[in-house]
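Visitor: Please take me in for a close look at one part of this structure. I am new to it, so keep to the salt bridges and what surrounds them.

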Amino acid sequence: MILRGGTSKGAYFLAEDLPSDPAQRDALLLSIMGSPDPRQIDGIGGAHPLTSKIAIVSKSKRADCDVDFLFGQVVVDKPKVDVTPNCGNILAGIGPFAIERGLVPVQGAVTRVRVHTVNTGTIAELSIQTPDGHVAYGGDARIDGVPGTAAPIAVEFLDAAGSVCGSLLPTGNTVDRVAGVDATLIDNGMPVVVLEAASVGRTGYEPRDVLDKDAELKAWLEEIRLQAGRLMGLDDVSSKVVPKMALVAPPAAGGHVCTRSFIPHECHASIGVFAAVTVATACVLPGSPAARVAKIPPGREKTLSVEHPTGEFSVVIEVGGTEENPVVEKAGLLRTARLLFEGYAFAHEALAHSLEAGRDAA
């Protein structure tokens, strides 16, 4: 199936339909998606990181979850499938896919699907609208970056802190000096380097296309990213899609913080789910670059509007601990998804024959 999940689009597969060997699996996925090629003209990929994504789903091996979800970022112009990160947008489509494929039975008007993300070990609970015994895709929920409206999907992250790096602040610091710039190296579902736009000579309000063509800025951000990756325990990240980079500035459109996100070498048209959650988390850490520019609402449960180039992303976080040492106890948000296509995807013939011969030999 091909589904739009949040502001991304991906191909969703049952694990049983793919080779169990990771190398064979990735070769098949690259062939199906059409990578490496900037246009992905010979595959079903969308020629952009946001539309070149994979979800591999199976019944969960865990007693406390319904399904296991392996996310794959298929690199457009390189022969690589990166299974290091998670993707909260593609995650939004896992509930509908699991129900459509019979992995999870409908439970009533709302069906809750508990998802274990294999990449990072995180668990999320998705609430899917299922009136009349099937998934409803139409509704009144609206998210920036997607035209029109759709049925709401509530996503609650149960243990996202340290999903990739092992802890919320992998260096143990709220602020680190990296390549001459103050930054928060943080992982609340996605490893992100959060820094003030002003610290790299930008306002943080520039249009996405302007930043995407800013070669000087991109080179500086990559220098910071490479150093930050090692500090975060990710080793050499030159060929990895994490950590992401997020520039923050004071809110400009009635929200709580303004962002420009890089994923990691293209400026995002909006901001990813886990990046938004992680930036929102950084905003409540006293002394962090994000806290310096954000306008934080009072109360234990906070809805933070994270502004981005095409709108805003609302993140709900519950904060405990003390004012000096806050603890983010829960994070959630609203997404939508839509089933776009169901059918067969074909790999290149030579590869298909090779895989078939391997199965016969086994």
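Guide: The side chains of E222 and R225 meet in a salt bridge, 2.9 Å from N to O. A salt bridge here is a side-chain nitrogen of Lys or Arg within 4 Å of a carboxyl oxygen of Asp or Glu. E222 and R225 sit three residues apart in helix α5 (residues 215–231), so about one helical turn separates them. Helices (H or I, at least four residues) are DSSP runs, numbered from the N terminus. Both E222 and R225 are buried. Buried means under 20% relative accessible area, exposed over 50%, and partly exposed in between (1.4 Å probe, protein chains only). Salt bridges that share partners also join R208, D209, D212, K218 and E266 into one network.

This is a predicted model: local features need pLDDT of at least 70, side-chain atom pairs count only at pLDDT 80 or more, and totals for chains, interfaces and linings use all residues. Residues are numbered from 1 along each chain as its sequence is written, and side-chain values use heavy atoms, with hydrogens and water left out.

The structure holds 19 salt bridges. One of them pairs R177 with D182, with the closest N and O atoms 3.1 Å apart. R177 is exposed, at 58% relative accessible area. D182 is partly exposed, at 22%. Another pairs K78 with D77, and there the closest N and O atoms are 3.9 Å apart. K78 is partly exposed, at 48% relative accessible area. D77 is partly exposed, at 48%.

Definitions and conventions
Helices (H or I, at least four residues) and strands (E, at least two) are DSSP runs, numbered from the N terminus.
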